[in-house]
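Student: I would like a close look at one part of this model. Please take a strand and its surroundings, then move on to the loops and a helix pair.

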Amino acid sequence: MGEVQLERLAKSFGSTEVIPALDLTISAGEFCVLVGPSGCGKSTLLRMIAGLEEPSSGRVIIAGRDATGLDPSRRGVAMVFQSYALYPHMTVAQNMEFGLEMAGMPKAERRAAVEAAAQTLRLTDYLARKPRALSGGQRQRVAIGRAIVRQPDVFLLDEPLSNLDAELRVEMRLELARLHRDLGSTMIHVTHDQVEAMTLADRMVVMNRGRIEQAGPPAKLYQDPDTIFVAGFLGAPRMNLLPAKVTGRVGPRALVDLPLLGMTGLAVTLRHADRDPPVEVTLGFRAEAWEEEGGTPFVLRAQVVENMGATRYAYSGTAQGAAVVAEIPRGRDLRVGQDMALHLMADRCHLFGPTGARL
């Protein structure tokens, strides 16, 4: 296991700054997921940790030593790529032990390492097969096994599940979670899939335009976002974000009008009660922030009903063009065109200022 510290790490391509100087510490044994939209810099950051991309400034410290100028092979990391990158003419066993052979490890030790990794990944029965005889999930496990046999301080996973179909992605998410539990290794995983990030991570790092928007446990980021970007990026369906106006205060709560929904006097708790919020704000609330009674009433007319199995969502629009989504209460039958009376719970709402920061 190895701690990873990034100190003022930055990357520019010519005059284009891709990653402004950032600091990040990933604890030994942590499963850290870097998540964000395509082009946010997460893969570039991972490649700088691996030594495949040279930083413009800053340091990469792995397991207590400065690895910034070290060759990738000497950093104590192993990387699993989006493509399996297996040698088609080699068997599973040969693919897994090839790197050890190049490093000069004796044959008996190589075989022992491969057999141990194969047992961990449930690949023992496939060691004599070639990649073409394996499923996508099995090939990905071979790629992971090739990393395991090196016994690295840190595993780096660059969107390893993106080439799999939906069923295999779920299966491999479980495999990765089990593998992390069994090995106790430090893992840094890059993905743009928020579901993948929230189900795997001990700690999630949300990136936007090369910057870290927020880092923390997945449940914390989902329930308590620091910025409007995090609020809108995490969650399926995404958080409702509507323009609103602050009309006054009652202690630590702001009184908010929501013109697009015809609501007034919604009492929303301020995160920073010692500061007066601006008048023009954005109100955010998730699809599950509605209840059948107890809050501020609203009648939602279903334009689309999305059935997710155990959970169903109703999508509506207002006369002013606002789109709203609400979770349909269990046992409630709702069809397109029908109305549903709900109440918005103010204690589940968030306020964001003009800069996008949480108020």
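Tutor: One term comes before the rest: contact means heavy atoms within 4.5 Å. Keep in mind that this is a predicted model.

Start with strand E3, residues 31-35. The strand is mostly covered, with five of its five residues buried. Its side chains go two ways. Phe 31, Val 33 and Val 35 point one way. Cys 32 and Leu 34 point the other way.

Now the partners of E3. Strand E8 pairs with E3 in the parallel sense, over five bridges. Strand E9, residues 203-208, also pairs with E3 in the parallel sense, here over four bridges. In E8, Cys 32 has Ile 188 opposite. In E9, Cys 32 has Arg 203 opposite.

Follow E8 (186-191) onward to Asp 193. This residue sits in the loop that leads from E8 to helix H6 (194-200). Asp 193 counts as buried because its relative accessibility is 17%, and the cut-off for buried is under 20%. Setting aside neighbours within four places in sequence, Asp 193 is in contact with Val 35 and Arg 169. Val 35 brings us back to E3, where Val 35 is itself buried.

Next, the backbone in other loops. Most residues other than glycine have a negative phi, and most peptide bonds are trans.

Glu 159 has a positive phi of about 45°, yet is not a glycine. Its loop runs between strand E7 (154-158) and helix H5 (166-183). Glu 159 has a relative accessibility of 12%, so it counts as buried.

Arg 122 also has a positive phi, near 55°, and is likewise not a glycine. Arg 122 lies in the loop between helix H3 (107-120) and H4.

The peptide bond from Ala 236 to Pro 237 is cis, with omega near 5°. Pro 237 belongs to the loop between helix H8 (228-233) and strand E11 (240-250).

Last, the helix pair. H2 (residues 92-102) packs with H4 (residues 136-148) at an angle of about 30°. Their axes are 8 Å apart. The crossing is right-handed. From H2, Val 92, Asn 95 and Met 96 take part. They meet Val 142, Gly 145 and Arg 146 in H4. By class, this contact has three nonpolar, two polar and one charged residues.

How values were computed
Residues numbered from 1 in each chain as written. Predicted model: local features only at pLDDT ≥ 70, side-chain atom pairs only at ≥ 80, totals over all residues. Heavy atoms only, no water. Axes fitted to C-alpha atoms, helices over the stretch in contact; angles between N-to-C directions. Helix = DSSP H or I, 4+ residues; strand = E, 2+ residues; numbered from the N terminus. Left-handed = near helix turned anticlockwise from the far one by under 90°. Nonpolar A, V, L, I, M, F, W, Y, C, P; charged D, E, K, R; others polar. Buried < 20%, exposed > 50% of the residue type's maximum accessible area, 1.4 Å probe, protein only. Pairing = 2+ DSSP bridges.
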